[in-house]
Amino acid sequence: MKTLLAVALMTTAGQAWGAPVPGSLEVHWNAGAPDCAATPQSPLQVHAYEPQTLILRQSPCADFEANFVYLLIGSDRALLIDTGAVADPQRMPLAKTVLDLLPAKNGAKLPLLIVHTHGHADHRAGDAQFASLPSVRIAPTELPEARTFLGLDDWPNGVARIDLGGRSVEVVATPGHHPGHMSFYDGRTGLFFSGDFLLPGRLLIDDVDAYRDSAVRAAEFLKARPATHILGGHIELGLDGRAYPSGAQHHPRERPLQLSRHDLLALPAALDGFNGFYARHPTFILSNPIHNLLAIAVAVLALLALSIYAGRRALRRRRKQAQATTR
Ligand SMILES: [Zn+2]
Ligand SMILES: [Zn+2]
């Protein structure tokens, strides 16, 4: 395992980074539809950021999560970051599409390593499609197996490195949305793949302290490196900055996928000032789903208690009136 993944022990400080290979994000992502059944569309969209960096987007009609999946191609092997929300290859031909995109070397397709930003089902449901394929290795999704596999022995500190042959991808722990969340930095393009840790949409907070520490850690990590764009796992905001309703399969006028170092630097202060429930920022929304559910449950219980109280009072008043008229 360690022959595949060499641990980089924060030795990159002071390292000179070459200019990132430029790429394009000039793309209109499939917006889904108000009525998906009446609007047949391709389940998977492929965009070449540059020839060796492919961005795959699952249609909102195939699954409302509309995940982004990233394929990075090196000279010895390729890396797939996440496998999206759909297991069924008939509905989502992810494995076939990825294999078709892999170049050949010595008469065979390049070996593929699959890693995950975290273990939520919408980031790993497609694993099943790759399970029986030769030359494909799938990293575990949950701690502690995932961190052992990647060599992040001092979790959540330290940086692991995945060597793809002429292309190196670094791994940083970014828990807070999920205890095992990781982000990936590609030295070739300067892209930072942030999963659900940072995306233009709802940042669902499981552990606010871990989240803040991750934001500081990621900002510190990127300080020494060129960061061209931060690419997350979903787009949930329109150009007007408003979130699509949860479960929406239509994303009209989506804002761009990419965030910047500036957005990451805004995250620690945003988390420090978080009210624990919901807060809108220009490029993301902080939300604690558990707290919000509890608040809704408390509000529903309070309403219920109030209506029972009001009902009893009305009943008592009616009884008194009835007694007065019979007297
Ligand atoms: Zn998630
Ligand atoms: Zn997700």
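The zinc ion (ligand 2) and the zinc ion (ligand 1) are 3.6 Å apart, with Asp196 coordinating both. The model is predicted, and local features need pLDDT of at least 70, side-chain atom pairs 80 or more, while totals for chains, interfaces and linings use all residues. Residues are numbered from 1 along each chain as its sequence is written, chains are lettered from A and ligands numbered from 1 in the order in which they are written, and side-chain values use heavy atoms, without hydrogens and water.

**Exercise 1.** Find the protein donors of the zinc ion (ligand 2) and classify its site.

*Solution.* 
1. Donors are N, O and S atoms within 2.8 Å of the metal (3.2 Å for Na, K and Ca); water is not among the atoms, so sites may look incomplete.
2. Asp122 (OD), His123 (NE2), Asp196 (OD) and His234 (NE2) lie 2.1 to 2.2 Å from the zinc ion (ligand 2).
3. Along the sequence, these donor residues follow the spacing D-H-x72-D-x37-H.
4. The angles among the 4 donor atoms are 87 to 158 degrees, and the site is irregular. Four donors count as tetrahedral if all angles lie between 85 and 135 degrees; four count as square planar and six as octahedral if opposite donors are over 155 degrees apart and all others between 65 and 115; anything else is irregular.

**Exercise 2.** Decide whether His123, Asp196 and Leu301 are buried or exposed.

*Solution.* 
1. Buried means under 20% relative accessible area, exposed over 50%, partly exposed in between (1.4 Å probe, protein chains only).
2. His123 has 0%, so His123 is buried.
3. Asp196 has 6% and is therefore buried.
4. Leu301 has 56%, so Leu301 is exposed.
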